[in-house]
Amino acid sequence: MHDPNCIFCKIVRGEIPSRKVYEDDLIFAFHDISPIAPVHLLVIPKAHVSSLAETRDSDAAVLGRMMSEAGRLAREQGADDGFRLIVNTGRVGRQEVMHVHAHILGGPEPLGAMLPRPGA
Ligand code: 5GP
Ligand code: ZN
C-alpha cells in the first residue's frame, strides 16, 4: 500500500509537509515544491504505484480519478482557461520520483514550448 522510502508516500501520510489542495479516498493533490508555471500541482494516487509503465487493471479507478479531478483543481488554483497534464514515465520520460504523479501546469496565459529538444 505504501513504500516507506518513497517521498510521495510520506507526503500522503503527512510525514513530509506539503501544500495540500485536495484529498479524497483515492488521490492526493498538492503544490509542486519547485513550480515551473504559475499553477503547478501534482496529483498522485494515495497508494503507491511506481510509474505509468507499471500499472494494473486495478489502478484504473485511481488513474481515472486523477484525470477527472484535474480540471476542477486547475480552475480552483486560477488556471481557468486550460492547462497541461503531464505524467513523466521512466528513464526516457525523465521521471524523478518513482510514485505516479500527474503534473497540472497552467496559469493565466499560454505556457511555453511543450518539450525540450532531445538531449537538452
Ligand atoms: P518528475 O520529474 O518525477 O515528473 O517530477 C517530480 C516533481 O516532484 C518535481 O517537479 C519536483 O519539484 C517535485 N518534488 C520533489 N520532491 C518534492 C517534495 O518533497 N515536495 C513537493 N511538493 N514536490 C516535490
Ligand atoms: Zn509512493
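## Salt bridges around K20

K20 and E23 form a salt bridge through their side chains, with N and O 2.6 Å apart. This distance, like every value here, comes from a predicted model. K20 is partly exposed, at 48% relative accessibility, and E23 is also partly exposed, at 32%. K46 joins K20 and E23 in a network of salt bridges.

## Other salt bridges

The count of salt bridges is seven. One of them pairs R65 with D25, at 2.9 Å from N to O. This pair connects distant parts of the chain, 40 residues apart: R65 belongs to helix α2 (residues 60-76), while D25 sits in the loop between β1 (20-23) and β2 (27-31). R65 has a relative accessibility of 24% and counts as partly exposed. D25 counts as exposed because its relative accessible area, 59%, is over the 50% cut-off.

R13 and E15 form a salt bridge as well, with their closest N and O atoms 3.1 Å apart. E15 is partly exposed at 48% relative accessibility, and R13 is partly exposed at 45%.

## The zinc site

Four residues coordinate the zinc ion (ligand 2): C6 and C9 through SG, and H48 and H99 through ND1, at 2.1 to 2.3 Å. Along the chain, these donors have the spacing C-x2-C-x38-H-x50-H. The site is tetrahedral, with angles of 105 to 115° among the four donor atoms.

C6 has a relative accessibility of 6%, which is under 20%, so C6 counts as buried. C9 is buried too, with a relative accessible area of 1%.

Definitions and conventions
Residues are numbered from 1 along each chain as its sequence is written. Chains are lettered from A and ligands numbered from 1 in the order in which they are written. This is a predicted model: local features need pLDDT of at least 70, side-chain atom pairs count only at pLDDT 80 or more; totals for chains, interfaces and linings use all residues. Side-chain values use heavy atoms; hydrogens and water are left out. Donors are N, O and S atoms within 2.8 Å of the metal (3.2 Å for Na, K and Ca); water is not among the atoms, so sites may look incomplete. Four donors count as tetrahedral if all angles lie between 85 and 135 degrees; four count as square planar and six as octahedral if opposite donors are over 155 degrees apart and all others between 65 and 115; anything else is irregular. Buried means under 20% relative accessible area, exposed over 50%, partly exposed in between (1.4 Å probe, protein chains only). A salt bridge is a side-chain nitrogen of Lys or Arg within 4 Å of a carboxyl oxygen of Asp or Glu. Helices (H or I, at least four residues) and strands (E, at least two) are DSSP runs, numbered from the N terminus.
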